Each structure stands twice: as structure tokens, then as C-alpha cells.
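Please look over the model below before reading on.

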Amino acid sequence: MGLMEKRHWQAALAAMVLCGVAMPVMAETDTPVVVSTAGTTVSGDINVAGTTSSGGSTLYALRVSDAASGGTVTLQNKVTADFTSQWSKDDAETYSAVSGISVAPGYTGNLNISDGSEVSLTANGANVSGSTLLVSNGTEDTKIQLGKNVNLSYVYTDNINVANYLNASALSNRGGSIAVGEELTVSAESTAASENNLVGVFSYNGGNFAAGKKANIQATASASVSDQIVIVHGVQSGKAADTVRSHFSLGDDSQISATLNGQASSDSSGNLSAASLWNTDFTLGEGVQTTATVNGGVYLINGLQFVDSSGTIGRGLVNTVTLTNSASGTNDSANMVTGLNMTQSGDISLGDGNRNTVNITGNVTDAVLGTQVSSGAALHLGSNSYTEVTVHGDVSGQGTRTGKIAGLSVQNAGSALEGKSGTEVKVTQDTGKVDEVIGLDAQNGGKMTLGDSAKVTINHNSVRLDGDSSNLYSYGIYNNASSVSLGNEGTIIANGYTSAGIYTHEEGAVTTLGDSASVNARADHDLPAYGVWADNSGTNILGKGSTITSSATGKSNSAALFAANGGANQVGNGAQIKAETETGFAYGVETDQGTNWEQI
């Protein structure tokens with residue numbers, strides 16, 4: 001968003017200016033108010049409507065001037081604004097057309113918005129930009145204090161104009177410091193626009209935002225097939241161009257949601273997330289719920305997105321991502337869907353008992369992932385974390401890449417994903433078709449470490465049409481030139497097409513499971529099953545008392561331990577190894593230029 005006021009010497013609407021003596025108190029007014037004296041208290045309701053003409057100034061209901069710096073300005077009761085923009089797209093891309101409360105550039109001091117205050121902005125017009133509460137160029141000395149039970153709302157709705165450009169938020173903070181009491185309510189809503197950028201809370205360029213317990217932040221937008229760019233975030237902190245880090249915190253039992261209703265254009269470059277944090281240090285409290293919902297389609301979907309960001313999330317996080325059929329019945333699609341996406345360095349710790357659920361009913365081009373960590377980032381999941389990914393539809397792949405569904409994924413050297421004891425991952429392809437279904441996915445030097453009693457279950461139920469001979473793969477663990485380690489009593493279950501409980505390949509790839517591990521692979525459709533498979537110099541190491549089982553239906557082969565092309569499997573003593581097939585060959589231990597051995 002990143003917009004500022006546009007100011008002329010001549011105001012667009014006649015304004016009441018409060019100045020001269022400290023602490024004037026006013027009655028209800030339908031005239032825009034300018035506060036230009038420190039110590040002012042605005043106690044009456046403000047209700048303003050107006051239109052900003054082409055090339056005109058930013059409209060506001062209440063403006064806190066830089067002349068009011070050095071003290072405290074207090075707002076009580078309601079501010080209501082209903083504005084129409086007649087601006088060009090060029091102006092709307094550069095400046096804020098409308099605002100409910102505008103804090104002027106250069107203002108330093110304290111703006112206190114009292115307990116129970118309501119600030120609302122309704123906007124109309126073909127090209128609209130603005131925020132209900134706008135801090136357009138603040139510093140750490142621009143301090144905004146919102147009391148308990150404050151309500152900020154932004155609504156764009158226009159059934160007359162053809163909506164061309166919308167860039168809006170309920171709260172926009174560029175560089176200022178905002179502190180909020182408990183039970184904040186923020187909502188941003190819009191109908192469809194050709195370019196639509198809608199955010200509930202947007203704080204950036206070194207901005208500080210801290211809200212108390214039980215905050216509820218929502219962004220809800222609509223889309224149509226003609227829309228080319230659709231961006232919806234419940235929260236956005238920081239952005240790629242920022243040169244200073246922002247800070248964001250949210251109290252216990254808070255909720256963040258982003259919802260898109262409708263199908264955007266298939267070549268849209270847009271995205272949706274409950275929270276998108278860039279260059280930000282953050283804290284989320286216990287019991288936080290984040291929800292990203294698309295009833296239609298958009299290019300990228302993330303429940304939580306972290307780019308070069310570090311922080312902590314308390315116990316009991318519930319993160320839910322849903323892609324479902326739209327009301328119009330169009331073919332739903334996204335390029336990629338991820339529950340929790342962390343990239344470009346940063347270090348994040350989640351508390352115990354976090355839940356991350358991705359549920360897709362529709363078609364996705366590239367991949368569906370529960371959690372992805374890449375490009376040098378580090379994520380710590382805590383104990384008893386739960387990840388579930390379910391897809392009802394196709395994941396077709398893009399270019400030379402195969403379509404993929406995975407539970408936990410770590411990519412690139414320097415990236416690390418850690419889970420403590422009791423980590424559980426469940427991945428299901430229920431209908432449609434996908435090339436690969438993976439529980440734990442480690443690629444290109446990434447590192448994944450899970451504690452004791454980890455459980456991974458994948459079910460690959462793709463449907464191949466008559467005459468389709470393509471091979472489909474099911475992996476409990478897929479390790480490509482990376483490091484994967486599980487503690488004692490780990491359980492791996494892989495069911496589907498060509499199936500491997502563990503597949504480790506390429507030089508430097510090592511997968512380690514502690515004592516009493518259980519690995520079970522089952523393949524249907526006359527395709528082979530491998531319990532533990534080491535290939536192309538990859539190495540698997542399992543502790544004492546392991547149980548390894550492979551089972552294949554039809555005429556295909558089954559191998560509980562399979563080592564090929566320089567791969568090696570090492571199993572501790574007391575292992576139970578079993579291979580089954582209906583009419584093919586069953587091998588408890590099979591080698592093809594590889595090595596299998598039991599360690600005594």
C-alpha cells in the first residue's frame with residue numbers, strides 16, 4: 001500500500017479547525033475536523049461525507065496536524081466517513097484518496113483513541129486508495145494509543161462505477177508506533193476490482209504495531225474472472241522494499257483471517273494470506289487462530305507467510321487454509337498453496353500443540369504444502385505439532401516440475417525445520433491426480449529433525465483414467481541430498497502407487513531413525529513397494545528393534561530393504577523385516593549395486 005496524503009492549500013471540503021487554546025471539547029459535527037493544537041480532546045461524534053474531484057486533495061473526517069505535535073490529542077466516541085473518489089489511477093497509486101482519521105506527516109506526540117471508540121470509512125469510486133486510520137509518514141515519536149474494544153472498519157462497495165483500482169486498509173502505519181488495548185476489532189471489505197489490494201492491518205517501514213488479547217482482524221474481498229491482480233492480507237507487516245525492520249505483536253486468543261470470494265483471472269499475479277510478515281520481528285501470543293479462505297481462485301495462497309522475519313508464536317496456534325468451489329461453480333485454481341511458508345533467513349519458534357491444516361477442493365498448478373522452510377530460514381515447531389494436508393482435485397505440475405503434495409518441506413542448504421516429540425503429519429490425496437504425495441520432504445541440503453514418537457501417514461488415492469500409464473509416487477520420507485532425523489519410536493506409513501516408506505538418494509543424503517522405528521509401505525495398482533530405499537549414494541540408518549514392512553498388490557515386486565547405485569541401509573539389531581506381494585517377487589532384503597547390513 002505505502003500511500004501518503006495529497007495536500008493542496010485549498011481544502012477539498014470546508015473544515016473545522018481546532019486550535020488556539022488547549023483542550024477544546026466539541027459537539028457532534030458533519031464537518032471535517034483538523035486538530036492543530038496539542039492537548040485537544042475531541043468528544044463529539046464526527047460524521048462526514050464528500051467527493052474528492054479529479055486531482056483534488058485527500059479527504060478525511062479527522063486530521064491531526066503536525067502543528068499539534070508535542071502533547072496529547074484525545075478522541076472519544078465515533079468517527080464516520082463516507083467518501084467518493086473521482087481520482088485517476090495514477091493519483092490513487094501514489095497518494096491516499098480518502099481516510100477516516102489522518103495523522104499528518106511530521107506529527108510527533110500522542111494520539112489517544114478512547115475505549116469503545118468506532119472509526120469507519122465507506123469508500124466508492126473507480127480508483128480508490130486510503131485507510132480508515134492512516135499514519136502516512138510517522139516516526140517512533142508518532143505514538144498512537146487505541147484503548148479497549150476499539151473498532152476500525154473499511155468498506156468499499158460500488159455498484160455504479162466499474163471498479164478499476166483499489167488499494168485500501170483499515171489501518172495503515174508507515175513508521176509510527178501503535179499500541180492497542182484488548183479486544184481490538186479490525187475489518188476491511190471490498191467488492192471486486194480489476195486491481196485489488198486489500199489489507200486489514202498494514203504496518204511497515206519500521207512501524208511498530210502491538211495489540212492486546214482477543215484482537216480480531218479480518219480482510220474480505222471479492223473477485224471476478226476479469227480481475228488481473230488480487231492481493232488480500234489480514235495482516236501485512238513490512239514489505240520487500242523496506243530498509244528498516246518493523247515490529248509486530250498480537251496478544252493471546254487473537255484471530256486473523258483473509259477471505260476471497262470469486263475466481264480471479266488464471267494469469268493473476270495476486271496472493272492471499274492471513275498474515276504476511278516481511279523484514280519483521282514479531283510475537284504472537286497463545287491460542288492465536290489464523291485462517292486463509294479462498295472460495296474461488298487466486299495465484300498464491302499462504303496461511304502464514306514469513307520473509308526474512310523472526311519471532312515466536314505461543315502454544316496452541318491453529319492455522320487453517322481452505323480452497324473451495326466458488327458459488328459460480330468455476331474451475332477453482334491456484335498456482336501454489338502453503339499453510340506456513342518461511343523463507344529468506346529468519347528464525348521462528350512455535351509453542352507446543354500447534355495445528356496447521358490445509359484443505360483443498362479444486363485444482364492447483366504447482367504444489368500444495370503444509371509447511372515449507374527455504375533459503376536459509378529456521379523453524380522450530382515445538383512438541384505435539386500436527387500438520388494435515390488434504391487435496392480433492394488435481395496438482396498438475398508446472399514446466400519440468402512434477403505436481404507435489406507434502407506435509408513438511410525443507411529446501412536448500414542452511415534451512416532447518418525442527419519438531420520436538422509427538423510431531424504428527426498426515427497427507428491425503430483423495431480424488432483427482434498428482435505425481436507425488438510426500439510426508440516429510442527434504443531437498444538440496446535442507447535439514448529436518450523431529451523428536452521421539454513422530455508419526456507420518458500418507459495416502460495417495462489419485463485416479464488414473466483408462467489408458468493413463470504415468471507413474472505416481474508415494475513417499476513417507478523423501479530425502480534428496482539432505483539430512484532427515486527422527487527420534488525413537490517413529491512411525492512412517494506410506495500407501496498408494498509406487499510407494500516407499502523412506503526414499504533417500506544422492507550424495508550426502510542421510511536419513512536416521514532412532515530405536516523401535518516402524519516403517520510400512522503399501523503399493524496398489526500393480527506397482528512396486530519399498531519399505532526403506534537407499535539410492536544413488538544415499539544412506540538410511542535405523543536403530544535397534546525396527547519393524548520394516550513392504551506390501552504390493554497384483555504382480556509387482558516388494559522389497560522391505562532396497563539399496564541401489566551405491567546406496568546403503570544400516571539397521572540395528574533385533575529388526576523385523578517383512579515383504580509381501582500377491583503374484584510378483586518379494587524381497588526382505590534386495591541389493592542392486594548397493595549395501596544392506598545389520599549393525600550388531
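**Notes on the model**

1. Phenylalanine 209 is buried, at a relative accessible area of 2%. Phenylalanine 248 counts as buried too, at 3%. Buried means under 20% relative accessible area, exposed means over 50%, and partly exposed lies in between, with a 1.4 Å probe and protein chains only.

2. A word on the basis. This is a predicted model, in which local features need pLDDT of at least 70 and side-chain atom pairs count only at pLDDT 80 or more, while totals for chains, interfaces and linings use all residues. Residues are numbered from 1 along each chain as its sequence is written, and side-chain values use heavy atoms, with hydrogens and water left out.

3. The structure holds 12 aromatic pairs. Phenylalanine 209 and phenylalanine 248 form a stacked one, at 5.3 Å centre to centre with 15 degrees between the planes. This pair joins distant parts of the chain: phenylalanine 209 sits in strand E20 (residues 208-211) and phenylalanine 248 in strand E23 (residues 246-250), 39 residues apart. Rings of Phe, Tyr and Trp (its six-membered ring) pair if their centres lie within 6.5 Å; planes under 30 degrees apart are stacked, over 60 edge-to-face, and the rest tilted. Strands (E, at least two residues) are DSSP runs numbered from the N terminus.

4. How are the rings of tryptophan 533 and phenylalanine 562 arranged? Their centres are 5.8 Å apart and their planes at 45 degrees, so the pair is tilted. Tryptophan 533 lies in strand E49 (residues 529-535) and phenylalanine 562 in strand E52 (residues 558-564), 29 residues apart. Tryptophan 533 and phenylalanine 562 are buried.

5. The largest pocket has a volume of about 210 Å³. Its lining includes Met336, Asp366, Arg401, Lys404 and Glu436. Strand E34 (residues 363-373) gives the most to this lining, with four residues. By class the lining divides into three nonpolar, three polar and four charged residues. Ala, Val, Leu, Ile, Met, Phe, Trp, Tyr, Cys and Pro count as nonpolar, Asp, Glu, Lys and Arg as charged, and the others, Gly among them, as polar.

6. The second largest pocket has a volume of about 170 Å³. Of the 11 residues that line it, the closest to its centre are Ile231, His233, Gln236, Asn271 and Trp278. Strand E22 (229-237) and strand E25 (271-278) each supply at least two lining residues. The lining of this second largest pocket has four nonpolar, six polar and one charged residues.

7. There are two cavities of 30 Å³ or more. The largest cavity has a volume of about 70 Å³. Among the residues lining it are Leu317, Asn319, Arg355 and Thr387. On a 1 Å grid over the protein atoms alone, a cavity is a set of points where a 1.4 Å probe fits but cannot get out; a pocket is an open set with protein on both sides within 12 Å along at least five of seven lines; lining residues have an atom within 4 Å of a point. Grid points are joined across faces, edges and corners, and a volume is the space filled by probe spheres set on the points.

8. Glycine 545 is in the loop between strand E50 (539-542) and strand E51 (547-552). Glycine 545 is partly exposed, with a relative accessible area of 32%. Beyond its neighbours within four places in sequence, glycine 545 is in contact (heavy atoms within 4.5 Å) with Ser516, Ala517, Asn573, Gly574 and Ala575.
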